[in-house]
Amino acid sequence: MRVFSYQKLSEPQRERLRKTSGVEHVAFLNGVEPDDDPPLEFLNASICFGNPPAEWLRHSTQLKWIQLISVGFGEYLPLKELIHDKGLTITNLKGFFKVPVAESILCGILTLYRQLNHLVHLQSEKKWAGDDLRESLRTLKGNNVVLIGRGSINQQLIEYLAPFQCKLNLFGSDYNESDLNQALKQADILICAAPATPHTNNLLDQNRLALLPKEAIFLNFGRSNIVDTPNLIKMLNTAQISGAVLDVTDDEPLHDDDPLWTTRNLVLTQHTSGGMPGEIYKKLDFFDQNLQRLRRGEVMINKINLQKGY
């Protein structure tokens, strides 16, 4: 089978892909391909490893399967009818990042509660606050936590929160608006790990964010479409909520003049939360596993349903 890699790979990683059973030829991303004009190597491939520009799919006639290197696939949703008509299978990495992302969320909570972000800033300025900070530090034990998204990340996070004896409210795509709104009014911590779908778009709008107590913190490790970012910035800068951690933002990377850079009590983790040792090799192993399933005619892992958006 002919494979096109849209993931940048080192030479040892390229060799790992070349040696995958069933791979006859591999072409690699060179980093200068335009988003609207796919290279011939992509057009000749039947499999793509990585997340190619959605526009490339309009031009492809040979492509049969894309193994995404992400959980999210929102960029392909506008082409769902085209993808269906082409008979194109897309699989993602659902569950792949659950441990590192859940650990990052827990780290984000404790960073804000124990003011590690503030302490790092004081250290960089060689300022000693010491005892003046002690009474403002918070503890996690027994807090009210609202989690949006029933997927593997929040399931893993629930395990990590167990020793802290938190009161948990978990909401999925079938959430009841009244129950969610009531939970937000009592939340100490609001966590989002939900995918980008039309159903989640602007779920945390101005009115919902306003339900949060001033002491609440917000952590978004899902997709940025879920939250009204300009209003979130306003609420943080005016202390209408206590703090936030954002792993995902509307623009990635952020522009130099983006107000998020200077927003009060905001930690930006720059979409790094899924990082782990050997990440790319583990993605190649997952691709190998799914390719062998394809060759044997078995059900592939994490085949996405574009109609449902997950």
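This is a predicted model: local features need pLDDT of at least 70, side-chain atom pairs count only at pLDDT 80 or more; totals for chains, interfaces and linings use all residues.
Residues are numbered from 1 along each chain as its sequence is written, and side-chain values use heavy atoms, with hydrogens and water left out. Local features need pLDDT of at least 70 and side-chain atom pairs count only at pLDDT 80 or more, while totals for chains, interfaces and linings use all residues.

Helices (H or I, at least four residues) and strands (E, at least two) are DSSP runs, numbered from the N terminus. An open sheet is formed by 5 strands in the order S2-S1-S3-S4-S5, with parallel pairing; two strands pair if DSSP finds at least two bridges between them. S2 and strand S5 (89-91) are the edge strands, each pairing on one side only. From one strand to the next, the twist averages 15 degrees. The parallel strands S4 and S5 are joined by 3 bridges, and Trp-65 stands opposite Thr-89 in S5.

Two helices were examined against this sheet. H1 lies across strand S1 (2-5) and S2, and runs at about 150 degrees to S2. H11 packs on the sheet, where it touches S1, S3, S4 and S5, and its direction makes about 155 degrees with that of S4. For these angles, axes are lines fitted to C-alpha atoms, for helices over the stretch in contact, and angles run from 0 to 180 degrees between N-to-C directions.

A nonpolar core is a set of buried Ala, Val, Leu, Ile, Met, Phe, Trp, Tyr and Cys residues joined through side-chain atoms within 4.5 Å. Buried means under 20% relative accessible area, exposed over 50%, and partly exposed in between (1.4 Å probe, protein chains only). In the largest core, of 40 residues, those touching the most other members are Ile-105, Ile-189, Ile-191 and Leu-219. Among the elements that give two or more residues to this core are strand S6 (144-148), helix H7 (152-161), strand S8 (189-192) and H11. H4 supplies the largest share, 7 residues. Beyond its neighbours within four places in sequence, Ile-105 is in contact (heavy atoms within 4.5 Å) with Ile-153, Leu-157, Ile-191, Leu-219 and Phe-221. Another core, of 29 residues, lies apart from it and includes Leu-209, Leu-212, Phe-218 and Leu-266.

Asn-51 is placed in the loop between S3 and strand S4 (65-67). Asn-51 is buried, at a relative accessible area of 17%. A polar atom of the Asn-51 side chain lies 2.8 Å from the backbone nitrogen of Ile-69, and a polar contact of 2.9 Å joins the side chains of Asn-51 and Ser-70. A polar contact is a pair of N or O atoms within 3.5 Å; within protein, one must be able to donate a hydrogen and the other to accept it, and residues adjacent in sequence count only if both atoms are side-chain atoms.

With a salt bridge taken as a side-chain nitrogen of Lys or Arg within 4 Å of a carboxyl oxygen of Asp or Glu, the count comes to 10. Glu-11 and Arg-18 meet in one of 2.9 Å, N to O. Arg-18 also forms a salt bridge with Glu-15, with the closest N and O atoms 3.0 Å apart. Arg-18 and Glu-15 are 3 residues apart in helix H1 (residues 11-18), a separation of about one helical turn. A further salt bridge, of 3.1 Å, joins Arg-16 and Asp-288. This pair links distant parts of the chain, since Arg-16 is in helix H1 and Asp-288, 272 residues apart, is in helix H11 (residues 279-296). Arg-16 is partly exposed, at 23%. Shared partners join Glu-11, Glu-15 and Arg-18 into one network of salt bridges.
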